[in-house]
Amino acid sequence: MKVLMSLLPSLPALPIPRALLSHYRRHPLQLLALATMIVLATMLWTGVNHLTSQARASLDQSEQAVAERQQVVRDDGQALMVEDFVSLRLVGVCVMPWLEVTPASGNRIIGIDPLAAHCFGAGAARGGDQPLDGKPFVDMSTAASAGEAHLYLLTPDSTQDSDLPAAYHLKTFATGPETGELGDSFLLNLEALGVLVLLITALLLRSVYLLGLAQRRDSFALLHRFGVSPGQVQRWLVLEIIALALICVVPGVGLGRWLAAGLGGGFGQALDGLFDIPLYAGQGQGWITPVLVMLTVVVIACLGDLLLLRFRERLSLSVPNQGRLATALFLAGLVMAWLAPSLPWVFVAVALVFAGAAWLTPTAVTGFANWRAGQSKAPLARWRYRELAVLARRLTLPLVALQFALAMVLAIQALVTTFEDTFDRWLGQRLEAAYYIEVPAGADSRKAVDWLTGHQASNPGMQWHQVIRGSTRMADKAAASRQQVDVYALAPISTLITGWGLLEAEDHPWETLAGNKGVMINEQLARRQTLGAGDTLQLVLDGQTRDMRILGVYPDYGRPVGEVLMNAEALPENFIARSESFSITPGELGITSVTDGLKRLWGVETLSMRDNSTIRELATGVFDQTFALTRAMTVLTLILAASALLMMGWVFFTTRAWYFRLLVVWGMSQRQVAGQLLRLALALTGGIALLALPLGIWLTWVLVHRINPLAFGWSLPMAVYPTFWLELGALSLAIGVSIAALMRRQLGKPSVARVSASALTGGER
Amino acid sequence: MTESLLAVRGLSKHFVSGNETVPVIEKLTFTLGQGQSLALVGRSGSGKSTLLNLLCGLESPDAGTIVMQGQVFEAGSAATREKAAAWADLRRQQIGVVFQEANLMPALTLLENVRFRAQLAGRDPANSEDWLTRLDIGELAQRYPDQVSGGQRQRAALAMVFSMEPALILADEPTGSLDRQTAAEVTQVLFDLQARYRCGLILATHDAELAAGCQQLLDLGHMSAV
């Protein structure tokens, strides 16, 4: 601002800009307000955008880090030793040692040998190029000395079983749960939030700028009388806003990055904790893109009228036609959102609905207020409703911005809460037991089944089931439609699984599954094949097609592959399992007793085991942080919108204060007038909150039921949170109270100012 | 002998500007009977508007007493809520104020404005349309203030004032923003109605012709009542 003001003395030869800028010398607060709005809007959008790109990069890295890789294991199930590494390298197999150590004192550390990773090529970058100067990656020798170690030998995806010497085979290697499309879906919604924030900030910028322009109208008229053409004035205004934008956007972007870094640091730490790898992507986008985007937004928001002047003239519509066009846009958007075949069409539909709402909202408030004024017998009530109509018209832009912000907060809150809930259930589904133990290659899982059954009898708190994973094909009369599905077979059907929420089910589905009289399918398969509970699924097992009754459909939270959950007893003897494992909650027996017993039973020294509670805790930490950030960003947007309305309301009231003072002249007390002001402000913000409610619920529906299924092929459950509506309503009323309090301060100023024609503005109806 | 409507004794008011105390009104004394009119004249800044504000309780005097329809308002005593409420009652029911402009609520029609003012004063709003007709703007009843001329707005303002059946009218440059012809018409209406309904009138003006229409003249520049 000081830079702009300092231009004034140096512009003696440029009388037009000097005259234009002199307005800000007289009213520096207006310039400050505009500059602050640009800085805050830029900060907010950059923050959301930066955070989203950081989160996306982080999750991409995390996905890479935990993605399944290949490892070489011994056929006899024994632990790998250094000799195995040597013999494999000698026959030319590319392997990288991965030594996992969990010291008694702390977190798991991983010892790797970067030199051995060279044969991985680009693939080694997942871990191989990490600096070995700190946890969790350390040099092999350091890791080996830290405690009891378990050696894995990783091999590139290109390695085939046939490349391996006898006594070895390939097996998958994973280090954690796959967040998969749940994370992607959340980020897509976060990006949609970014676009909405951009729209809201543009509206706010425009409202503040137009307010300033309105107050400079007299100066423009005077310049016109002095022979300055409107074109010259417009050109200087373009230069003025570009200069102001340049001055304010850069610090705004910096502040946004600072905000995102401050908030995102915790996110990074949580990710690091979850995956034991420094995963946080740190800086997201550079400076150029956000600066250019915000410059464009500022110029379009402030000067869009000038740029589209001819178009607007051609499109100039009467008020009723505007209303009809707005209604048409709104309805077209609603229908399009319902029927849209792809994501871009849904986004167009959302844009149409928001454009229609922006047009209709002030009209609706004004129409309602005028109707109520016509109905009211009490003079004060009639006057108040008429004033409400004026306020709704004069404060259109900040009111619409507040409505959008409220709707967005409402939708994001519902979405985030639903995501949290879904994520909890997703974790619950995948990490249902306390421990997950893999059956070593060559080991007889039936021995473990007998052993666990025997121990469960004396340990009532113990829960377990065996998991057999593999794949088969669906059969159809049309051979062309055959397709592969994953098999997820369990036995027994324990209480670890019967708590799953089902999207649809027949009566007593778990009991029927336990009795091996049907199967369940995941949501993906149900959607793809249009199947549901009670339908029959044809599966090819052991070369024969079997009809299986579908007992229920369970949510898969983004797993893209069709899956059939069945009783393991239904599997044929010769079914080829991709993996076998046990999910175990040991109860009073303790996990050590279980692992010792299984090691003895299978004759192995080590077991591949996953502590699900730790993974759950870390995974929950990551998402909690992300959800908290999203909420923080939406609340910041709301605060910005509320501040803008507060500022606009205050400035507008300055021009309107005379008419409130007239009430005092006519014999009402200051307190009574203040009461009228309060009712007026509350009616305004309360009305906007009410209008934001259906828009927010609709936006939630679009995010949950249209965008998510179209993007990922699965749907979150739609949930609404009336308690949050009440909280938001209370917040809107608090904004109204603040506006009334600010207005009341103006009323308290010394009595009645002398009124002249030039001093009075805001006298419109 | 006319019954006293308003009595002002030793009224003083000053403003503070920086470190300086600027006296605006000093030890002013006058009385106004029912149905009488008084013109306040004097150069700009001589305190005409300030005096009008004091006479309707919008500002408090530093010294002196105002007796309005038997109610005594003394300076110096704390500005109690009761005193403010008493002034508010007087303004609502007994004192009509007309400013140079902006006397109407812009969001209400002329008729709604008149009804509004009458109802605030506790009068029957049924006569509101009649008042507009009497002031020759009956056909404009459904128009909004920004849809009529300045003279018509001032007529509507007078209709509002008379609809509340005031005991005293305070008019601050009521024709200041009107052309000569319109100003003369509005002035004539004001004096006619004031005489017919026997309410007191205190008129602040720079217009000597307008001032001459009043029964008394108070020159605040020279602090003398004629």
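A salt bridge here is a side-chain nitrogen of Lys or Arg within 4 Å of a carboxyl oxygen of Asp or Glu. These legends describe a predicted model, in which local features need pLDDT of at least 70 and side-chain atom pairs count only at pLDDT 80 or more, while totals for chains, interfaces and linings use all residues. Residues are numbered from 1 along each chain as its sequence is written, chains are lettered from A in the order in which they are written, and side-chain values use heavy atoms, with hydrogens and water left out.

**View 1. The salt bridge between chain B and chain A.** Between chain B and chain A the count is one salt bridge. A:R386 is paired in it with B:E112, and their closest N and O atoms lie 2.5 Å apart.

**View 2. The side of chain B that touches chain A.** Five residue pairs are in polar contact between chain B and chain A, with both residues at pLDDT 80 or more; such a contact is a pair of N or O atoms within 3.5 Å, one able to donate a hydrogen and the other to accept it, and residues adjacent in sequence count only if both atoms are side-chain atoms. On chain B, the elements that give two or more residues to this side are α1 (48-55), α2 (81-93) and α3 (110-120), where helices are DSSP runs of H or I with at least four residues and strands are runs of E with at least two, numbered from the N terminus. The largest share, seven residues, comes from α3(B).

**View 3. The extent of the contact.** With contact meaning heavy atoms within 4.5 Å, chain B contributes 33 residues and chain A contributes 29 residues. The two chains bury about 2,700 Å² between them, 61% of it on carbon and sulfur atoms; this buried area is the accessible area (1.4 Å probe) that two parts lose on being put together, summed over both. B:M105, B:P106 and B:F116 supply 20% of the area that chain B buries against chain A, more than any other three residues.

**View 4. The two chains as context for the contact.** Chain B has seven helices and 10 strands, and chain A has 21 helices and 16 strands. Of the 226 residues in chain B, 57% are buried, as are 51% of the 765 residues of chain A, buried meaning under 20% relative accessible area (1.4 Å probe, protein chains only).

Key: Buried < 20%, exposed > 50% of the residue type's maximum accessible area, 1.4 Å probe, protein only.
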